[in-house]
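Dear colleague,

Please find the structure below, followed by an account of what was found in it. I would be grateful if you could read the two side by side.

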Amino acid sequence: MKFEAPGERAAEDRAWAVVRHAYAEREPVAWPRRHARPLVAGALVAAAVAAVLSPPGRSVVHSLRKAVGVQHAQTELSSLPAPGRLLVSGPGGTWIVNQDGSRRRLGSYRDAAWSPHGLFVAATKPSELVALDPKGNVRWTLPRRSPRFPAWTGTRADTRIAYLSGGKLHVVAGDGTGDRTIGPAAAVPPVWRPGRVIVYSDGHGLVAYDLLSGSFRHTTLRPAGPAIRRRAGLSEVVSHRRVVFRGTGTFGQVVRSPDGRWLLVTWPTADQWVFVRPGPPRHIVGGSRVSSQFGGFPRIEGWCCAG
Amino acid sequence: MAGSGRDERAWVRRAQAGSQTDFEALFRAHWGPAYRAAYLVVRDAAAAEDIAQEGFIAAVRALDRFDRRRPFGPWLHRIVVNRAIDWARARALRPEGEAVDAPAPDRPERDDELLHELGRLTPEHRAVIVLRYLLEYTPGEIAELLELPRGTVNSRLRRGLDSLKERLE
């Protein structure tokens, strides 16, 4: 049977880029290394326990109380202070949090992303990319090996999802058809830019791929929006060159609300979400015991679509 | 094209010693058959690429333990074809109803028709036919690769071929 599979040569070059990287990073497995892992893990666990119980660990809670103020502290999140819905993923699965505080668990997914208008969610499992509606009903699935970091862009009529699988960037239409491999990619979330341009890391630098022209170019990303800065055991949220919130320990993420007025700061070491309106007037609302509400401290995947 | 047995053993030996050039020679020699085999089982180019690539990454991970007296090809094909069968089974459980690759032409050529009909067999039947007629393993070697009784391989081959014949007539 004489046969050549579709795209064989291009696939070979893309796969070689990934396999060569794996070859370059390989290390012969030696006994001390194999056995060092549990020791290191044990040491890390011990350090984490010590941190929680130690005065610096307790000071996280104190710092939060001080930062939030008793009058605004909530035991649990009752509602979002701004319009829109949150999409979160973590050890307890992927959830949608509505503005009234009600939550819906979509299922056990590794990561997720809103569609551009919040009508659907793209999510990943170890062996498939999945599109869901906000009630958790599966619309379509695409079997892929370890898909990660879906990013969805487009208009109501035509959307595209970028994601990583097998060390490569893929782009698929919003209805799950026409999946294409773009090129080797490092395990870094890809980001859409206006005009159907997807920016991703190929392991050496950032590459912008123009979906319309099919052209690649090297690029840079300028940090935009609020950022987290860490210094001397403190974390600070900086927005428009101004520190708008500060606390002990480590902040996880800062995400802007769809109306642009609020910032959600995640604070895993204090098991809190803190909503900050830089103002004026400045306003802070805290939500505690986040882990117990979501079966583990979740990552914010998006805050979508007011109205 | 795979190199001779001697070439291949030398590539493996030098790749184990850290020669990327020799590892690349091994990769280039085996990519085509591995990718084609995966594609014929899963009928999805992107998935076949992932599966063949994963096979090579598994080869990298096991390279230091690889017995140089054994041929590299069958070892790689065993990984790739088994993964392709798993993938095809998983997809069969949740059909997508979408064509990832180009649709078949209106008037298929004989080869296209054959490949189309091959894609309608079960993954298990597809796998033994691909191993036998694309990669040219003997039924005994296929039995060893897939860890199946030789009689099962023979019956899958016979049933697969009968089914293809019926559909193509």
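Helix α1 of chain B (residues 5-16) has 12 residues and, at 1.5 Å a residue, should span 16 Å; its end C-alpha atoms are 16 Å apart, which agrees. The expected span is 1.5 Å times one less than the number of residues. Helices here are DSSP runs of H or I with at least four residues, and strands are runs of E with at least two, numbered from the N terminus. Within α1(B), the buried residues include B:E8, B:W11, B:V12 and B:A15. These four cover an arc of only 95 degrees around the axis, which puts them on the same side of α1(B); the arc is that of the directions from the helix axis to the C-beta atoms. A residue is buried if 20 or more other C-beta atoms, placed from the backbone, lie within 10 Å of its own. Just after α1(B), B:G18 has a positive phi of about 110 degrees.

This is a predicted model, in which local features need pLDDT of at least 70 and side-chain atom pairs count only at pLDDT 80 or more, while totals for chains, interfaces and linings use all residues. Residues are numbered from 1 along each chain as its sequence is written, and chains are lettered from A and ligands numbered from 1 in the order in which they are written.

Chain B has eight helices and zero strands, and 39% of its 169 residues are buried. Chain A has four helices and 23 strands, with 38% of its 307 residues buried.

The largest nonpolar core has 59 residues, and those with the most contacts inside it are A:V121, A:A122, A:V265 and A:V276. Such a core is a set of buried Ala, Val, Leu, Ile, Met, Phe, Trp, Tyr and Cys residues joined through C-beta atoms within 7 Å. Domain 1 (109-219) and domain 2 (224-304) of chain A both give residues to this core, so it lies between them; the domain bounds come from an automatic or database domain assignment. A second, separate core of 52 residues includes B:F72, B:I129, B:L145 and B:V153.

Where the chains meet, 33 residues of chain A and 32 residues of chain B take part in the contact, two residues being in contact if their C-beta atoms, placed from the backbone, lie within 7 Å. On the chain B side, the largest share, 12 residues, comes from α3(B).

With kind regards

Key: A residue is buried if 20 or more other C-beta atoms lie within 10 Å of its own, exposed if 12 or fewer, and partly exposed in between; C-beta atoms are placed from the backbone.
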